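Dear colleague,

Please find below the structure that I am handing over to you.

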Amino acid sequence: MTDRKAVSVLGLGDMGAALAEALLAAGHQVTVWNRTAAKADPLVAKGAARAGTAADAILASRLVVVCLLDYDSVSQVLAPHTDVLAGRTLVNLTNGTPGQAREMATWAADHGADYLDGGIMAIPPMIATPAAFVLYSGPSGTFDAGRPVLDAFGESIYLGDDPGSAALHDLALLSGMYGMIGGALHAFALVNSAGVSTREFAPLLSRWLQGMSGWPVGAAAQIDSGDYGKDVVSNLGMQEAAYVNHFTAADEAGISAELLAPLHALMQRRVADGHAHEDLTGVIELLKK
């Protein structure tokens, strides 16, 4: 229980199993638990200890990594075992919202446990590779103490004392990813409609998206300054007029353009408000409530 090498992992879905494997590969004494006990079998075969209950897993280590479906699942697993949480560090890598993370941090503190919230910026095969990074937020001392273990998952990025900060950044990064994927899916549907193979088209799409990967840096400078008319290369009025072609082309191809429609509505409103001379970044003003 006092061994710094001891780590428990609650939740052995694809991601939880990948985390446990990374810990084993790094030489840690890993105790695993999952509602469906059979999911622990491959890890036990590699040297992990199987806990019969979640309480047993919590008792086995000072550091407890939780990776479940959602925060309701986390509550369902931990709530019956508040009597064994004192003195433990809970590292919750379950996807959720900033508000949920803050509530969970308060709940953990009420039961004597230290708490870190995290956001995993990787898919399971990326864990423990240079491409993976994990966001953490919570008390800096708790992060510093746990970091030698947590670094097994990938680069550890600390975002401050606010427990909700990791979830905030996690969802922000995921929103950028899903926006890219939505556009790519539309692109594939469009070329497919003409009989073009997605495999043939993919290298061009990848090249284009890589070429646009620097866009956030310039956009951030405009947004932080509030000057959407600075260094405009392609003004919003021109872009909005051309954007209509996506819908015409989709109609001609017999596909839906619903993945692209929300942005167009914002562009139209921004132009109607007199901002046609500015950059596309200005539509962010319409997202502020």
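**Findings**

Asp 231 counts as exposed because its relative accessibility is 64%, above the 50% cut-off. Please note that the model is a predicted one. Asp 231 belongs to the loop that joins helix H9 (215–225) and helix H10 (236–253). Its phi is near 55 degrees, which is positive although Asp 231 is not a glycine. Most residues other than glycine have a negative phi.

Ala 128 also has a positive phi without being glycine, with a value near 70 degrees. Ala 128 sits in the loop between strand S6 (114–121) and strand S7 (133–137).

Turning to the helices, Ser 165 is part of helix H7, which covers residues 165–192. With a relative accessibility of 10%, Ser 165 counts as buried. Beyond its neighbours within four places in sequence, Ser 165 contacts Ser 137 and Leu 159. A polar atom of the Ser 165 side chain lies 3.4 Å from the backbone oxygen of Leu 159.

H7 also meets helix H8 (residues 198–211): their axes come within 10 Å and cross at roughly 140 degrees. H7 is therefore oblique to H8. The crossing of H7 past H8 is right-handed. On the H7 side, the contact is made by Met 180, Ala 184, Ala 187, Phe 188, Val 191 and Asn 192. H8 contributes Thr 198, Phe 201, Ala 202, Leu 205 and Leu 209. Sorted by class, the residues in this contact of H7 with H8 are nine nonpolar and two polar, with no charged ones.

Yours sincerely

Definitions and conventions. Residues are numbered from 1 along each chain as its sequence is written. This is a predicted model: local features need pLDDT of at least 70, side-chain atom pairs count only at pLDDT 80 or more; totals for chains, interfaces and linings use all residues. Side-chain values use heavy atoms; hydrogens and water are left out. Helices (H or I, at least four residues) and strands (E, at least two) are DSSP runs, numbered from the N terminus. Buried means under 20% relative accessible area, exposed over 50%, partly exposed in between (1.4 Å probe, protein chains only). A polar contact is a pair of N or O atoms within 3.5 Å; within protein, one must be able to donate a hydrogen and the other to accept it, and residues adjacent in sequence count only if both atoms are side-chain atoms. Contact means heavy atoms within 4.5 Å. Axes are lines fitted to C-alpha atoms, for helices over the stretch in contact, and angles run from 0 to 180 degrees between N-to-C directions. Angles under 35 degrees count as roughly parallel, over 145 as roughly antiparallel, 65 to 115 as roughly perpendicular and the rest as oblique. A crossing is left-handed if the near helix is turned anticlockwise from the far one by less than a right angle, and right-handed if clockwise. Ala, Val, Leu, Ile, Met, Phe, Trp, Tyr, Cys and Pro count as nonpolar, Asp, Glu, Lys and Arg as charged, and the others, Gly among them, as polar.
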